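Please look over the sequence and the structure shown here before reading the report.

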Amino acid sequence: MPVNPELLGRQFPPTPPYLVGREKVREFARAVFADAAEHRDPEAARALGYADVVAPPTFAMVIQDLTLQQLLAQPDSGIALERTIHAKQSFRWTRPIVAGDELRGRMTVTGLRAMGAGAMVTSETEITDADGGHVVTATSVLLIGGDE
């Protein structure tokens, strides 16, 4: 297995705070074809009880990517980006992400399984708000190919 088995259970430090901006939410919504009014119009979001525009559910990947970059930057990981495929993604929500949120992500490698010459790496990122409240847990599975 090219991936360091000692990654299993490794927890990374929290990411710096990420301030969710209204325009970032709008840009992301356009990019993923999320055309509901609450993703672009603050008044439509307020009518639904939110303080500002609501991010599409997959916006959590913006924060999770910061944690995945921590993993990929580990010199002892054995993970080469050119041999990596993002195989699976899931989310467990407490509440939606809203413009104005200040979010942090903290990742733990929760699974590591050899697959032929490669490996499957599962990580969970707990995304919390400025008060430390849970917003979403994002789970990713990376498929890492073996050396040729």
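The report below goes from the overall fold to ring pairs and salt bridges.

## Overall fold

This is a predicted model, and its protein chain contains three helices and five strands, which follow one another along the sequence in the pattern β-α-α-α-β-β-β-β. Taken along the principal axes, the C-alpha atoms of the protein chain fill a box of roughly 55 × 30 × 20 Å.

Among contacts in the protein chain with a separation of 6 or more, 70% are made by residues 24 or more positions apart. Of the 148 residues in the protein chain, 41% are buried.

## Surface and charge

The protein chain exposes about 7,700 Å², and carbon and sulfur atoms supply 55% of that area. There are 14 positive and 19 negative side chains in the protein chain, and the centres of these two sets lie 1 Å apart.

## Aromatic pairs

The count of aromatic pairs comes to three. In one of them, the ring centres of phenylalanine 91 and tryptophan 93 are 5.9 Å apart with their planes at 35°, and because this angle falls between the limits of 30 and 60 degrees, the pair counts as tilted. Phenylalanine 91 is partly exposed at 24% relative accessibility, and tryptophan 93 is also partly exposed, with a relative accessible area of 34%.

Elsewhere in the description of the rings, Tyr18, Phe28 and Phe59 are linked into a cluster by ring pairs.

## Salt bridges within helix H1

Salt bridges in the model number eight, and among them is the one between glutamate 23 and arginine 26, whose closest N and O atoms are 2.4 Å apart. Both glutamate 23 and arginine 26 belong to helix H1, which covers residues 22-31, and they are three residues apart, about one turn of the helix. Glutamate 23 counts as partly exposed, with 42% relative accessibility.

Helix H1 also holds lysine 24 and glutamate 27, again three residues apart and about one turn of the helix, and their side chains meet in a salt bridge with an N to O distance of 4.0 Å. Lysine 24 is partly exposed at 46% relative accessibility, as is glutamate 27, with a relative accessible area of 38%.

Through salt bridges that share partners, Arg95, Asp101 and Asp129 are joined into one network.

Key. Residues numbered from 1 in each chain as written. Predicted model: local features only at pLDDT ≥ 70, side-chain atom pairs only at ≥ 80, totals over all residues. Heavy atoms only, no water. Helix = DSSP H or I, 4+ residues; strand = E, 2+ residues; numbered from the N terminus. Buried < 20%, exposed > 50% of the residue type's maximum accessible area, 1.4 Å probe, protein only. Contact = heavy atoms within 4.5 Å. Areas by Shrake-Rupley, 256 points an atom, 1.4 Å probe, with all protein chains shown as cover. Lys, Arg positive; Asp, Glu negative; His and termini not counted. Charge placed at Lys NZ, Arg CZ, Asp CG, Glu CD. Phe/Tyr/Trp six-rings, centres within 6.5 Å; stacked < 30°, edge-to-face > 60°.
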